[in-house]
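Take a look, try each task, then walk through the solution.

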Amino acid sequence: MDFELRRAREKLEKEQKERKERARLKLEKERKARQEALLQRQAIEEAQRERRLIAAEAETKEKLLEEENLIAGRGIAFSRILEAIPYQGNGDKIKLPPSSFQELSEKEAFDKGPLHFSLFLIHQETSSSTQIAEKQSTHAGVLEFSATEGYVELPPHCWNNLLGSGNSSPTLVEVRYVWLPKGTYAKLQSAEIGFSDIPNHKAVLETILRQHATLSQDDILTVNYGVLTYHLRVLELKPSSSVSVLETDIEVDIIGPDSAKEGDQYVLKPLLLGKPEVGVVNEGSYSYYKFTLGDDTWRQISSKETKLVVNLESQTLEADIDLYVSKHPLLFPTVHQHMWSSHDVGSKALVLSSEDQNLGQGTYTIAVFGFKSMSRYQLSIELKDASKEKSGQHAVSSSLSVADDSVACSNCNRFVPSRTVALHEAYCSRNNVVCGHAGCGIVLRIEEANNHVHCEKCGKALHSGEIEKHLKVFHEPLSCPCGITLEKEQMVQHKSLQCPLRFVTCRFCGDMVQAGSSASDARDRIRGLTEHESLCGSRTAPCDSCGRSVMLKDMDIHQVAVHQKN
């Protein structure tokens, strides 16, 4: 009996303990559920509060942005995010879709004057490791409203300043209408040496800026001059960091690079009269020097008292160099394009006098070309007294006319006194020989006759050591990029006067441009205008006398016909 009661009590106690444990676990579970619900409710409230704060901040930023746009646009707010694609064009004028034209027309933006836009690059992919700290931007004008909807077409200037020249991937750009003040001052720095050596370089820069509507600080302007390319960074602008360059006069300061870079473009080294310069040139390369004929120097040359002599001496054995000279605006003479040249083997002396119509006051360029192997050389320019040369020549001619009874030698045709002609002819026939080539007739020593040869193509008399170089330089066919093949002399004339790809200085804008084909207008062809000059001269400018707008190419006719000016 006691055993059964004990078992019943133990069973009851066990059941009570289990009920208490289940009750405790239930209470613990309910407590945790209430705590989790509270945390979840707090998290939801926190997220809702953050969303409200973000929305309020975005609304505030949007209002501020609208206010900034209204201020920047002088009461006109226009902003679009478009996908940028490149197009080949000049200047900084972009192409927008037609819907932009409609929106700007509705907001009367065209009544405010020229349209200017700020372009902001939108970075779509950013991470904690590659965070873009600064927003890239530039400014532009508008060329036309013909782009595909959703796209903006950027010229190379805008594309390179926003994305860099090596980036061609599509990206999003924010286009925002802004009002820009007219610029009054710009400070530019060239990345390459030699931009200031360009003849009338400010006129060249003016031609480039004519294709632009805006300038922004830290932008890079690309200036092409013939085969050379210069990059000018905008360091400073006034009255603001971004300005309009339309219908305004800007004072421009141009400074050179901080230091020369390896592999830089051709550089004109200064060469002074009477001061030799030493250098090294590799085979197939050029070294360039510049010198100036001032008033005093040209007065001596033009009076025929002196001649200009360009001396070039090779200081390396078994190496050969050539000499080319040109007058600006031909900035860098080459094998194919130059005014004067010397291809003699060994030392060279190029003598220029006032009798040459191409010689005059101005700046000249000397090119030292490495024809064979690397060569060390010495280059100098000097004035040579022409009176000594003339007096010597007169003395020789007077001595030849003393004897009236002189007769011609049957071997060398030189006039000698008749009393000594037999002795002279005996000596002359044993030691001298006359070149039998047609038109030559030069008298040579017998031991030198074997080295005297004539070119089979042009008949020029040469030393036997010079014939190989002569054939290579003057008679090896040369191909012009325009498709024609000529020898050297004809190629120089072709490059200077006929080639449509030759670079000429426009008489209206001062820029170095390709001549192109003949002008389409018959009157312009009669005037000798190139294709570029025919188009460039069609721009109008006010006449200085009457203020009437006249095309630049008709300005001289206008001055004569209307104002009777010669």
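**Exercise 1. Find which residues make up the aromatic cluster with Y286.**

Solution. Start with the members: Y286, Y288, Y324, F332 and F369 form one aromatic cluster. Rings of Phe, Tyr and Trp (its six-membered ring) pair if their centres lie within 6.5 Å; planes under 30 degrees apart count as stacked, over 60 as edge-to-face and the rest as tilted. By that rule you get a count of 13 aromatic pairs. One of them is Y286 with F369, a tilted pair at 4.8 Å centre to centre and 40 degrees between the planes.

Next, see where these two partners sit. Y286 belongs to strand β15 (residues 286-293) and F369 to strand β20 (residues 362-372), so the pair links distant parts of the chain, 83 residues apart. Strands here are DSSP runs of E with at least two residues, helices are runs of H or I with at least four, and both are numbered from the N terminus.

Last, check the cover. Y286 counts as buried because its relative accessibility is 19%, and F369 counts as buried at 13%. (Buried means under 20% relative accessible area, exposed over 50%, partly exposed in between, with a 1.4 Å probe and protein chains only.)

Before going on, a word on the source: this is a predicted model, where local features need pLDDT of at least 70, side-chain atom pairs count only at pLDDT 80 or more, and totals for chains, interfaces and linings use all residues. Residues are numbered from 1 along each chain as its sequence is written, and side-chain values use heavy atoms, leaving out hydrogens and water.

**Exercise 2. Work out whether K553 is buried or exposed, and what its side chain touches.**

Solution. Then look at its relative accessible area, which is 10%, so K553 is buried.

Now for its partners. The side chain of K553 makes a polar contact of 2.8 Å with that of D524, and another of 3.3 Å with that of S538. (A polar contact is a pair of N or O atoms within 3.5 Å; within protein, one must be able to donate a hydrogen and the other to accept it, and residues adjacent in sequence count only if both atoms are side-chain atoms.)

Finally, skip neighbours within four places in sequence: K553 is in contact (heavy atoms within 4.5 Å) with F508, D524, R527, L529, S534, G537 and S538.
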